[in-house]
Amino acid sequence: MKFKQKFKVLFHDTDTNGIIYPTRIFMFLQEAAHGHTVSVGSPPEVMIERDGGCFWLTRICVSILADIHWDDELEVVTFATDDSRGFSFNRSFEIYRGNEKVCEAYSVWALMNLKEMRPTLVKDWPIDLGLEAPVKPSAPLHVRIPKDLELCESGQHTVFYRDIDYNGHMNNARYPDVICGFIPFEELEGKRVEEISISFMHEAARGETIKGFAAKDENEEDVYYVRTVRLSDESTNIEARIKLAKVK
């Protein structure tokens, strides 16, 4: 079963190039996924209170196919996919501007039992979303930082009130802009994010500070890799791959 939700790009959703921030795209995707679960009677707050569980995003890849500007009217289409297996609940997204597809995304989620802090099998979730064939973007799902690529320390980010969500940790949609903040600003001038892939490894809770490490891959045009590390225990928070494109 496909779920559709419309959004309008506001002026404050756009960056210095007049292009939508990648975090805003992630927010549209997340809101549509939320709307989908609400439509079948299982919003996150109900899942937590009734079932003691929630969905945790483990991997996502997004391809932005065109420049998206202020005042653009978008329709997000999302659906659970028929390749979900074991502990992996998979979901695809498409974004349209009129008849033009401007974005594709594919994501992998784990249904977590919060009381026992362990994943639950997809088959044991009682809600039927109606499975569809997946749509997979050009951006790779798995982030594999080249072993010979030397990542350099690029700054820090502390998780404050504005970052956390209902689950008590930094919301997944906040990460793209934080990641871009670890790339030199001059590298982003006149460009936009064309592809972004993120692997989520350990959550960043309120008050946690993460340190960013980044490097440009000279073997791929305009591709950057980023790793963030929690200062509290030196564990890897996320790993990401970003590909930039010139604004048209």
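User: In this predicted model, does Glu-104 count as buried or exposed?
Analyst: The relative accessibility of Glu-104 is 14%. The cut-off for a buried residue is under 20% relative accessible area. Because 14% falls under that limit, Glu-104 counts as buried.

User: Which residue forms a salt bridge with Glu-104?
Analyst: Side chains of opposite charge can pair when their charged atoms come close. For Glu-104, the closest N and O atoms of the salt bridge are 2.8 Å apart. The partner is partly exposed, with a relative accessible area of 25%, and its name is Lys-101.

User: How many salt bridges does a search of the whole structure find?
Analyst: The pair of Glu-104 and Lys-101 is a salt bridge, and Lys-136 with Asp-83 is another pair that meets in this way. A search of the whole structure finds a total of 15.

User: Where does Arg-241, which meets Glu-220 in a salt bridge, lie?
Analyst: The N to O distance between Arg-241 and Glu-220 is 3.2 Å. Arg-241 is buried with a relative accessible area of 7%, and Glu-220 is partly exposed with 29%. Glu-220 lies in the loop between E9 and E10, so the pair ties together parts 21 residues apart in sequence, and the element that holds Arg-241 is strand E11.

User: How many of the eight residues of strand E10 are buried?
Analyst: Strand E10 covers residues 223-230 and is mostly covered. It pairs antiparallel with E9 through eight bridges, and seven bridges join it to E11, also antiparallel. Of the eight residues in E10, the number buried is seven.

User: Which residue in the turn between E9 and E10 has a positive phi?
Analyst: E9 and E10 form a hairpin with five residues between them. Within this pairing, Phe-213 stands opposite Arg-227 in E10. The positive phi in the turn, about 55°, belongs to Asp-222.

User: Which residue in E11 is the bridge partner of Val-229?
Analyst: E10 and E11 form a hairpin with five residues between them, and Glu-234 in its turn has a positive phi of about 65°. Strand E11 spans residues 236-246. In E11, the bridge partner of Val-229 is Thr-236.

User: How many disulfides does a search of the whole structure find?
Analyst: A disulfide needs two cysteine sulfur atoms within 2.5 Å. For Cys-61, which is buried at 2% relative accessible area, the nearest cysteine sulfur, that of Cys-103, is 10 Å away. For Cys-180, buried at 11%, the nearest cysteine sulfur is also that of Cys-103, 14 Å away. The number of disulfides found in the whole structure is zero.

Conventions:
Residues numbered from 1 in each chain as written. Predicted model: local features only at pLDDT ≥ 70, side-chain atom pairs only at ≥ 80, totals over all residues. Heavy atoms only, no water. Buried < 20%, exposed > 50% of the residue type's maximum accessible area, 1.4 Å probe, protein only. Helix = DSSP H or I, 4+ residues; strand = E, 2+ residues; numbered from the N terminus. Pairing = 2+ DSSP bridges. Salt bridge = Lys/Arg side-chain N within 4 Å of Asp/Glu carboxyl O.
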